[in-house]
Amino acid sequence: TTQTIEPTLTKIDGSSFNLDSFYFLNTGNGAIGEPASNFMTLTLNYAGGGSASYNFGNLQSFAEIIADGFGIEWFDGEGSDPASIDACFNDMICKNYGYTISLFGDLGENLLSAVWSSAGDANARLDDIVVSEIPLPAAGFLLLAGLGGLAMVRRRK
């Protein structure tokens, strides 16, 4: 927000995680018809090094967001009038409407942090963030192998 608060998503132990989706409500002083200056930036910092930043904001087209590797779906927001602007449901991000953003492919995988920020008069309310731990399938096999080894040692005795 403009109060320089940057919501940051990390794991307490510092290990990596996957970000599957999040919901945001596009609010602030920007209005429909103004330039796309009312925006939120998502910066993804990857465990393997590197980062990438993406903007989501007023009047931004759904096509641009989809081209970046995201899915977007309209969800009724606070103070929105669902009958007022059809484009806000199918074509572009509008003020006071909520949107669910899904991260596809490896875009949200193996992250150390996800940081949301905004500039100017932009405000965004985040909610319903969906994350998952990176599975460690090898750990299950190691456990089974260890138990099998213990059983073999016991059988020999």
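Two residues are in contact here when heavy atoms of one lie within 4.5 Å of heavy atoms of the other. Keep that in mind as we walk through this predicted model, starting with a residue in the middle of things.

**Leu44 and the core**

Take Leu44. Which residues does Leu44 touch, if we skip those up to four places away in sequence? The list is Leu19, Gly50, Ser51, Ala52, Tyr54, Leu103, Leu107, Leu111, Ser113 and Ala114. Leu44 also turns up among the residues with the most contacts inside the largest nonpolar core, along with Phe22, Phe56 and Tyr99. How many residues does that core have? It has 28.

At least two core residues come from each of β2 (17-28), β3 (39-46), β4 (51-57), α1 (62-67), β5 (70-75), α2 (87-90), β6 (98-103) and β7 (111-118). There is a general pattern behind this: in soluble globular proteins, nonpolar side chains tend to be buried together.

**The whole chain**

Let's step back for a moment. The protein chain has three helices and eight strands. Reading from the N terminus, the elements go β-β-β-β-α-β-α-β-β-β-α. Of its 157 residues, 34% count as buried. The chain exposes about 9,100 Å², and carbon and sulfur atoms supply 57% of that area.

What about contacts between residues with a separation of 6 or more? In this chain, 76% of them link residues 24 or more positions apart.

β3 runs antiparallel to β4, and seven bridges join the two. Another seven bridges join β3 to β7, again in an antiparallel arrangement. You can follow the pairing residue by residue. Met40 stands opposite Phe56 in β4. Asn45 stands opposite Ser51 in β4, and Asn45 also stands opposite Ser113 in β7.

β3 and β4 form a hairpin with four residues between the strands, and in this hairpin Gly49 takes a positive phi near 105°. A positive phi shows up elsewhere too: Asn110, a residue other than glycine, has a phi near 60°. Where is Asn110? Look in the loop between β6 and β7. Asn110 has a relative accessible area of 33%, so it is partly exposed.

Leu42 is another residue of strand β3. Why does Leu42 count as buried? Its relative accessibility is 0%, and the cut-off for buried is under 20%. Leaving aside neighbours within four places in sequence, Leu42 is in contact with Phe22, Ala52, Ser53, Tyr54, Phe56, Ala114, Val115 and Trp116. Among these, Phe22 and Phe56 are also two of the core residues with the most contacts.

**Around the helices**

Phe62 is found in helix α1. With 7% relative accessibility, Phe62 counts as buried. Beyond its neighbours within four places in sequence, Phe62 is in contact with Ile72, Cys88, Phe89, Asn90, Asp91, Met92, Ile93 and Tyr99.

Gly69 has its place in the loop between α1 and β5. At 24% relative accessibility, Gly69 counts as partly exposed. Not counting residues up to four places away in sequence, Gly69 touches Ser102, Leu103, Phe104 and Leu107. Two of those names, Leu103 and Leu107, were also on the list for Leu44.

| Pair | Apart along the chain | C-alpha separation |
|---|---|---|
| Leu42 and Phe56 | 14 residues | 7.9 Å |
| Phe62 and Met92 | 30 residues | 5.2 Å |
| Gly69 and Ser102 | 33 residues | 8.7 Å |

Which residues make the nonpolar surface patch of about 440 Å²? They are Leu143, Leu144, Leu147 and Leu150. Leu147 has its place in helix α3 (residues 137-156). Is Leu147 buried or partly exposed? Its relative accessibility is 49%, so Leu147 counts as partly exposed.

Notes
Residues numbered from 1 in each chain as written. Predicted model: local features only at pLDDT ≥ 70, side-chain atom pairs only at ≥ 80, totals over all residues. Heavy atoms only, no water. Patch = residues over 30% accessible without salt bridge, like charges linked within 9 Å, V, L, I, M, F, W, Y side chains within 5 Å. Areas by Shrake-Rupley, 256 points an atom, 1.4 Å probe, with all protein chains shown as cover. Salt bridge = Lys/Arg side-chain N within 4 Å of Asp/Glu carboxyl O. Buried < 20%, exposed > 50% of the residue type's maximum accessible area, 1.4 Å probe, protein only. Core = buried A, V, L, I, M, F, W, Y, C linked by side-chain atoms within 4.5 Å. Pairing = 2+ DSSP bridges.
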